[in-house]
Amino acid sequence: MQSNVLLLRLFNSKVIKRCRQLGRTMFSKYLLLTNVGISISLSGAGDIIEQHYEIVTKQKEKWDRVRTHHMSISGMTVGIVCHTWYKYLDRALPGRTLTIVMKKVIIDQIVCSPICISVFFLTLSYLEHLPWEVTKKEIITKGKRLYIAEWVVWPPAQVVNFYFLPTRFRVLYDNTISLGYDVYTSYVRHDNSDEEKQTNLAVINEDSRDTKENS
């Protein structure tokens with residue numbers, strides 16, 4: 001009995017009330033900033049986890065801060081896309097019947113997933129000043145690997161997302177589920193075989209040579 005009273009007092013305390021008010025503000029008035037902040041943080045966290053594994057397994061010597069910074073920025077651009085997409089999808093297909101949910105899941109996978117994957121690679125290529133030929137090759141080859149993985153991870157996860165959660169919590173849920181996927185994303189993006197490294201280097205050198213000749 002006494003423990004129940006203590007729990008009730010804790011639930012009604014000023015700290016808890018302020019936290020609840022902060023949560024309502026973050027997921028209503030500042031929803032875009034909240035979603036983008038979550039995406040940046042978890043994309044960076046996924047890369048840190050992947051790099052830590054690479055260091056432990058002797059695949060690299062130390063943490064690459066620039067790589068994590070770039071991955072975090074890719075989380076920002078993808079987060080903006082997801083924020084806008086979910087608002088549009090819920091307006092276009094209102095309701096939570098099983099039919100509506102399955103339509104949303106299929107449309108999300110066919111339309112939004114390829115867009116997000118492309119935005120991810122385009123963002124990193126811009127930050128790393130990669131030529132278009134290398135970017136296009138990454139979208140086709142590595143993007144295909146990510147897209148196949150998405151069909152395993154996201155359809156069941158999105159059923160829960162579209163059926164149970166309101167729009168304002170969708171990006172938060174996505175990022176929570178996708179932390180493990182973000183680790184895989186970082187791995188795929190930076191997993192270059194020797195042959196692929198040589199091909200990309202040749203494309204970059206050729207692009208640089210053409211730029212010098214035209215200047």
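This is a predicted model: local features need pLDDT of at least 70, side-chain atom pairs count only at pLDDT 80 or more; totals for chains, interfaces and linings use all residues.

Q: Start with H7. Which of its residues are buried?
A: Helix H7 covers residues 170-177. Its buried residues are Arg170, Val171, Tyr173, Asp174 and Asn175.

Q: What covers the buried residues of H7?
A: Several helices take part. The cover includes H3 (31-56), H4 (65-92), H5 (98-127), H6 (132-164) and H8 (179-189).

Q: And H8, which residues are buried there?
A: Tyr181, Asp182, Val183, Thr185, Ser186, Val188 and Arg189 are the buried residues of H8.

Q: What covers those buried residues of H8?
A: The cover of the buried H8 residues includes H3, H4, H5 and H6.

Q: Switching to charges. How many salt bridges are there?
A: The count is nine salt bridges.

Q: Back to Arg170, then. Which side chain does Arg170 meet in a salt bridge?
A: Asp90. The N to O distance is 2.9 Å. The pair links distant parts of the chain, with Arg170 in H7 and Asp90 in H4, 80 residues apart.

Q: Are Arg170 and Asp90 buried or exposed?
A: Arg170 is buried, and Asp90 is buried as well.

Q: What about Lys136, which residue does it form a salt bridge with?
A: Lys136 pairs with Glu133. Their closest N and O atoms are 3.7 Å apart.

Q: Where do Lys136 and Glu133 lie?
A: Both are in helix H6. They sit three residues apart, about one turn of the helix.

Q: Why does Lys136 count as partly exposed?
A: Because its relative accessible area is 33%, and the partly exposed class runs between the buried limit of under 20% and the exposed limit of over 50%. Glu133 counts as partly exposed too, at 44% relative accessibility.

Q: Buried or exposed, for Glu138 and Arg189?
A: Both Glu138 and Arg189 are buried.

Q: Which residues are joined into one network with them?
A: Glu128 and Lys142. Salt bridges with shared partners join Glu128, Glu138, Lys142 and Arg189 into one network.

Key:
Residues are numbered from 1 along each chain as its sequence is written. Side-chain values use heavy atoms; hydrogens and water are left out. Buried means under 20% relative accessible area, exposed over 50%, partly exposed in between (1.4 Å probe, protein chains only). Helices (H or I, at least four residues) and strands (E, at least two) are DSSP runs, numbered from the N terminus. Contact means heavy atoms within 4.5 Å. A salt bridge is a side-chain nitrogen of Lys or Arg within 4 Å of a carboxyl oxygen of Asp or Glu.
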